[in-house]
Amino acid sequence: MARNFVLWLHGLGDSGPANEPIKTFFTSPQFRNTKWSFPSAPYVPVTCNYGSVMPSWFDIHEIPVTADSPTDETGLLKAVQKVHATIDKEIAAGTNPNNVFICGFSQGGALTLASVLLYPKTLGGGAVFSGWVPFNSSITEKIAPEAKQTPILWSHGLVDKTVLFEAGQAGPPFLEKIGVSCEFKAYPGLAHSINNEELQDLESWIKARLQSSS
C-alpha cells in the first residue's frame, strides 16, 4: 500500500496525545504505512467557558452548539492555515493528496470540515465526528472546485447535548447544496463522545478510499 496520512483534530479542552489510542483501532494491513498526527490546540480564552483559558482551535460562543450558533470565522481561518501547513508538509514529503485524511471530534470536527473545504486540492477524505458547520454561507465562495471532490463522512450521536444533533444534521444539506458528497451516520444512544462502532466505520471508510486511490 502507498504511504498515507491521517491527521486527527481533538475537541475543546482536550489534547493531541490523549487521542493517540484511536490509532490502535486501525488494524487492517492497509494502515501499516500510515503516518498519524495528533496535534494539540493552543491555550486561549474561550467565551462559552466564561473566558477560561484552555486548548481551543478557535472561539466558541455558546454551549450547546445549535444549527444557528454564532461563529468565530477569524479564529477558524487562522486554525485552518495551521492545518493546511501540516497537509502541505506531508504532500511535499511524498504522500499523494488522495491518501491524506483529516478527521476531528467536536470543535476538531468543525475545523476538519473547514480545512478540507478550503484546501486547494482534492484529499482522500474528511471525517467529522459530533461537529457542526463553523462558518457562514459566504465562505462557500472561497471553495475551490478540487475541494468539492473530497468526500465527507459525518457521524453524530442522536442524544448529543453539547453539539446538538440538529447542528450535525444541518451539515449534509449544506454540503449537498455546494456539490460536496457527504455520507451521514446517526448513532442511537450516543451522547457527545466517540464510540468503537464509529471508529470501526471510519476504518472501513478510509480503507475503501485508500484502495481506490493508491
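This is a predicted model: local features need pLDDT of at least 70, side-chain atom pairs count only at pLDDT 80 or more; totals for chains, interfaces and linings use all residues.

Reader: Which residue in β8 is the bridge partner of H156?

Author: That's A186.

Reader: What about β7 itself, which way do its residues point?

Author: I152, W154 and H156 point one way, while L153, S155 and G157 point the other way. Both sets are buried. With six of its six residues buried, β7 is largely enclosed by the rest of the structure.

Reader: OK, zoom out. What's the strand order in the open sheet?

Author: There are six strands, ordered β2-β1-β5-β6-β7-β8, with parallel pairing. The edges are β2 (34-37) and β8 (182-187), each of which pairs on one side only. From one strand to the next, the twist averages 15°.

Reader: How many bridges join β1 to β5?

Author: Five bridges, between residues 4-9 in β1 and residues 100-105 in β5, and the two strands run parallel. If you want a spot to check, L9 stands opposite G104 in β5.

Reader: Switching to helices. Which strands does α1 lie across?

Author: β1, β2 and β5, and α1 runs at about 165° to β1.

Reader: And α2, what does that one lie across?

Author: α2 lies across β1, β5, β6 (125-129) and β7 (152-157), at about 145° to β5.

Reader: How do α1 and α2 sit relative to each other? I'd want an angle and a distance.

Author: Good pair to ask for, since two packed helices are described by the angle between their axes and the distance between the axes. Here the axes of α1 (residues 73-92) and α2 (residues 107-117) cross at roughly 70° and come within 9 Å. The crossing is right-handed.

Reader: Which residues meet there?

Author: From α1 you have L76, A79, V80, V83 and H84, and from α2 you have L111, A114 and S115. By class, that contact has six nonpolar residues, two polar ones and no charged ones.

Reader: Those numbers step by three or four a lot. Why would residues three or four places apart point the same way?

Author: An α-helix has 3.6 residues a turn, so residues at that spacing point the same way.

Reader: Let's do some single residues. Where is I60?

Author: I60 is in the loop between β4 (52-55) and α1. The relative accessible area of I60 is 5%, and the cut-off for buried is under 20%, so I60 is buried.

Reader: What is I60 in contact with, apart from its neighbours in sequence?

Author: Leaving out anything within four places in sequence, I60 is in contact with L12, V46, T47, C48, V65, Q107 and W132. There's also a C-alpha to C-alpha distance of 9.4 Å between I60 and P134, which are 74 residues apart in sequence.

Reader: How about G75, buried or exposed?

Author: Buried, at 17% relative accessibility. G75 is found in helix α1, and beyond its neighbours within four places in sequence it is in contact with W57 and F58.

Reader: Last one, A167. Where's that?

Author: A167 is in helix α3 (residues 165-169). A167 is buried, with a relative accessible area of 2%.

Reader: What's A167 in contact with, skipping the neighbours within four places?

Author: V65, T66, A67, G131, W132 and W154. The C-alpha atoms of A167 and W132 are separated by 5.5 Å, and these two residues are 35 apart along the chain.

Technical notes:
Residues are numbered from 1 along each chain as its sequence is written. Side-chain values use heavy atoms; hydrogens and water are left out. Axes are lines fitted to C-alpha atoms, for helices over the stretch in contact, and angles run from 0 to 180 degrees between N-to-C directions. Helices (H or I, at least four residues) and strands (E, at least two) are DSSP runs, numbered from the N terminus. A crossing is left-handed if the near helix is turned anticlockwise from the far one by less than a right angle, and right-handed if clockwise. Contact means heavy atoms within 4.5 Å. Ala, Val, Leu, Ile, Met, Phe, Trp, Tyr, Cys and Pro count as nonpolar, Asp, Glu, Lys and Arg as charged, and the others, Gly among them, as polar. Buried means under 20% relative accessible area, exposed over 50%, partly exposed in between (1.4 Å probe, protein chains only). Two strands pair if DSSP finds at least two bridges between them.
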